[in-house]
Amino acid sequence: MTTQKVLFKNIDTFKGVTPCSYEQYVKGGGYEGAKAAFKKTPHEVQQVIKDSNLRGRGGAGFPTGLKWSFVPMDNFKGQKYLICNCDEMEPGTFKDRALVYGDPHQLIEGMLIAAYALQMTKGFIFIRYEYKKGARILEEACAEAKKHGFLGKKLLGTDFEFELDVHLSAGRYICGEETALINSLEGKRANPRSKPPFPQIKGFLGQPTIVNNVETFCNMPHILAHGADWFKGLGLNGNAGTKIMGASGRVKNPGLWELPLGVPMRDILEKHAQGPSRGKAFKAVIPGGLSTPMMTPEQFDTPMDFDSIAKAGSRLGTAGLIVFDEGDCMVDSTANIMKFYARESCGFCTPCREGIPWILDIVRAIGAGNGEKDDMSILDDMSKHIMHTFCAFAPGAQGPFLSAITTFRSEFEAFIKSREAAAAGVN
Amino acid sequence: MAEKIKVTIDGTEHEVEAGENILQVCLDKGMLIPHFCYHEAMGPLGACRLCAANIAPAADKPGRLEMTCMTRASAGMVINVNDEYATKFRKSVIEDLMLNHPHDCPVCDEGGECMLQDMTVITEHQHRRTRFPKRTWKNQYLGPLVHHEMNRCITCYRCVRYYGDYALGSDLGAYGSRNRVYFGRLNDGVLESEFSGNLIDVCPTGVFTNKRFREVYTRPWDLQTARSVCVSCSVGCNVLPGFRHTDLRRIKPAENDAVNKYFMCDRGRYGGEFVNLPSRLSDARVSGTSMMTEDGIDAVAAQLKDIATKHGAGAIAGLGSQRASLEANAALTAVLKALGSDRVACFGSQADREAARLAASITASRELPTPSLPGLEKADFVLSVGGDLTAEAPMLDLAIRQAVRQKAPLFIVSPRAGSLDKFATASLRTAPGTEAGIVKEIAAGGGKDFVAQVATALKSAKSPVILCSTLHGDAALVGAVYQLAKSANTADRPCGLAYYYKSANTAGVALARKDESPEAIAADAKSGKIKALVVLERNAAAEPALAEAIAQCEYVVAIDCYENATTNDASAVLPCVAHYQSFGTILNFEGRAQHFSGLNIPGSATMASSEVLLNIAERLGASEIIQGLDFHDVYDITTESGKAVDGIRTGDSGALVKSDSKPTAPPSAKPASTGMVAWHIHHTFGSEELSAMSPPIAELAPAAGLELNPEDAKSRNLSDGQNADLTKEFGVSGLLTVNAGLAKGTLGIRVIQTAVSAPRKEVTA
């Protein structure tokens, strides 16, 4: 299958990280999308995005045009904010890193288009602490964009102004949740806020705010330059656009590839990632970063798009595949997964704060041969219980957890039984 | 009024207001849905997840698990609290919280009044399925008032929401994340807030407990309690003092929708220990001889009768008390009347007297609305004049903080910056005596800078309030504030006006029909015209205007609950029970008459001061006077029911009193002094007479001394920490603190009460 390189036009992920320079970016058609956008009215730009069927690339896949439509426009005179969510802390996910480190102007141009469409004059790029170098790359690119009249006042011959700042986060997974991100940006504890009010109405400092993912913004220059219909044509089976897909874990060739939305999962696993890394058959895949339910080999032909993966019982998420093979112990893997969630819980609500560490304790005990008879029933209870939390963090943790204890229950039970058998042997 | 709609809760239809909080609806209707993080004063949070129920938007729509605290009522909503999964889920939340909660209930101070215990029982969580180690924490030293025990924490966030969000304190925070969230200060140290004790009540378990109560701990169900009214300032918060055996063990706020709802200040909460002092009086003492109270009363009555017979009616005068009840002060007039005298002085100086009486008569005229504490919270403009609210009427400060949280502009005009100033839109530091002039400028509407800013904000406010201190004896200021409020008050835009006072019942005695200046009484006592003084619950010997008179007067009867300079020198001492064991009626700053009741506790006096006085009157053969004793004759007050303070019960909303007469014309402002003016600095801790004797309050009290503005200090060649001798000019000397927050031209004199020890050790069983 031939894939058109759009987002990765200026990026070669296998050649390390040298950011595409301003000159190079412009030479490749950079900032043409912004120029096209500024010839339209803000409403027209919004309509193009809506028509393109672009869905949020942060993981939830919410239609970007629809998200934008709640922002107060013409009669609103106050300050509005545009935020780029680059708190990429989802395990198995490193697509935003490639986009930021490889082609910073693509992101800036995307944000400029969004800012114009939504008439937001102040923007932030909220970038995770571990991407310190990326923050520096972005700062330099912002300075360059400013020098060339793509940031600052009186942009592209209009009265529109847009200031963009880079905010290096203190580093918490929960900051990727948009309301926690806003709290963090305000200098508060990174606890999620209750919705409504939604950030589009009351966000940063109580003002209308849009938070979009890096990859979402990066699509916008191309949509504006080539049109909504062109963008819709990039995907398969009626899905719009390309998607940066990744694979890590037990594969021969881990990495990132820009592929049409809707490509079969098997294509990634076998063609791009080149199959199992140590000769053992694949056992399971977590398709969209860690917070999505596991999928098993009989589901590998599922197309990698939001709706198909959902139909198969999981979620596309960030499309960063985490791959397990037959040599992986699913009890230990589950413990490893839950360790991450226990560590990253913000500590705000009870089932998440107390429940996940308890799950971790139990799974670890089972893995260490100290499982007890009732442990599985506690894990079953907890898997339901952690769905009723304040934000989507614990339900995210429930995805891989519930699928692990369901699909690979026999592994858990074997560990518990062997201990019981051992105990019986002593008597 | 919001629209009335119908919702179904567990199969029963209820009428509620649209948009009402479902959890609050259920709590109001007596259905106790388990909850932790929700607190009526602070609203919903959604953190604990305990108040879950199955909620469907309509009967034909599927329900799902929702937090009742985060759900607003809508028409047709169906709420199933007893839903099977919801019940299981709530139990599971408790199980989660119990994973790390220690098994220390037998030794926990919260035991018996622990919300966590109650919720555990309600949700029927009985068996812990966990077998893993619990988390542990280091506790912090938080000062003499609040004890910290972090292992018990269930992370409900109530403490930081109260302390930071509600009370606007900045030194208690939530630190860390995941299942290691720590609630405390950055470092060990005394909590800065004047309202820190409320942490004890908002904490649903034993993380924050009462450090004083802890030292003399008893199970709460073993405490004897009788609802009372706080005696520590003129706000009149309702309280629940708890006694065990011979001592007061603790004070808690008692809910009263009209006054304080959930909270009280630390001075009130911890200031009650004067009740337990070794110097509390239990026996009468006449000419140095200890005797039964009854015998003492006989002796005093005989002596007073003798003096009256020998020297005539004018030879006896009374010194009334601002901290004693209306009944006690009325009984004093009855004793005097029985002796043919009507000379009483309730105030410490003519200036204080004028200011308080004018303020009380303005309030009682009911010409302008007087905001209650809940009313103050809703103000959208606040002007505080003349004093330091936090120090002089702490709970008014906490109410103002609520207004500030709702973005009400706050303006402060006073000689010295206090705790509230950091929340002020603008503050004006001005020398004592000049405040009235500034208030007049605001009223005139002109001016510039601060004055213009206040005037503009006042004009655009919809529910403005003005607060004014009467503790500094500035009647001209009281009058000027009245004029300002009057000019701002219109039929469709009422302007609230509140004066606050020195003591719990100052507003009451300020409405006494008979009251003269203490200077007049002192002069007559010194000249020998007055031969006997009956001093009611008042340390008059410590008051500059009266000290000499007390020392020189031939016969002084002191009626009080504890030993002080006055009882030390008195010819006769008659003991009365302390306020929290006593009963009676007092008027708070609003002129709200509130009744308080007490308990008889072994080891202390047996009679309230009013009873002591009525007994004296009876011995004087004045039963007719006693029977004819009518509040309306003694005080210029009536209530709407027509009869003075009739029908008030302890713990009800009391009654706002009304005065028959119009307020007297306010005096014109004194010409602004060009030199230095002395000003008494009141502190939250240490300035109020009774609470200052309580050990934890004494520990928090600043050192006595003087304060000067840096420029004034420089011009007098004085520096910080030096002993400043200003005896010649002002009759004071003391350790100097240079304070940039003090207005130029002000000599600040810190009011710090010092306890007087008993002349001899009383032996109590």
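Two residues are said to be in contact when heavy atoms of theirs lie within 4.5 Å. In this predicted model, 33 residues of chain A are in contact with 33 residues of chain B, and about 2,600 Å² of area is buried between the two chains. The points below turn to the interface, and then to the nonpolar cores.

**Where chain A touches chain B**

- Carbon and sulfur atoms give 53% of the area buried between chain A and chain B, while Glu354(A), Trp358(A) and His388(A) supply 25% of the area that chain A buries against chain B, more than any other three residues.
- Between the two chains there are five salt bridges, and one that can be named joins the side chains of Glu354(A) and Arg135(B), at 3.2 Å from N to O.
- Polar contacts link 18 residue pairs between chain A and chain B, counting pairs in which both residues have pLDDT 80 or more.
- On the side of chain A that touches chain B, two or more residues come from each of helix 13 (330–344), helix 14 (350–367) and helix 15 (375–385), and helix 14 of chain A gives the most, with 10 residues.
- Sorted by class, that side of chain A has 12 nonpolar, 11 polar and 10 charged residues.

**The nonpolar cores**

- The largest nonpolar core holds 278 residues, of which Phe36(B), Tyr162(B) and Ile616(B) touch the most other members, and its largest share, 10 residues, comes from helix 16 (residues 475–488) of chain B.
- Beyond its neighbours within four places in sequence, Ile616(B) is in contact with Ile297(B), Val300(B), Ala301(B), Leu304(B), Val335(B) and Leu574(B).

Terms used: Residues numbered from 1 in each chain as written. Chains lettered and ligands numbered in written order. Predicted model: local features only at pLDDT ≥ 70, side-chain atom pairs only at ≥ 80, totals over all residues. Heavy atoms only, no water. Core = buried A, V, L, I, M, F, W, Y, C linked by side-chain atoms within 4.5 Å. Buried < 20%, exposed > 50% of the residue type's maximum accessible area, 1.4 Å probe, protein only. Helix = DSSP H or I, 4+ residues; strand = E, 2+ residues; numbered from the N terminus. Buried area = accessible area lost by both parts, 1.4 Å probe. Salt bridge = Lys/Arg side-chain N within 4 Å of Asp/Glu carboxyl O. Polar contact = N/O pair within 3.5 Å; in protein donor to acceptor, adjacent residues only side chain to side chain. Nonpolar A, V, L, I, M, F, W, Y, C, P; charged D, E, K, R; others polar.
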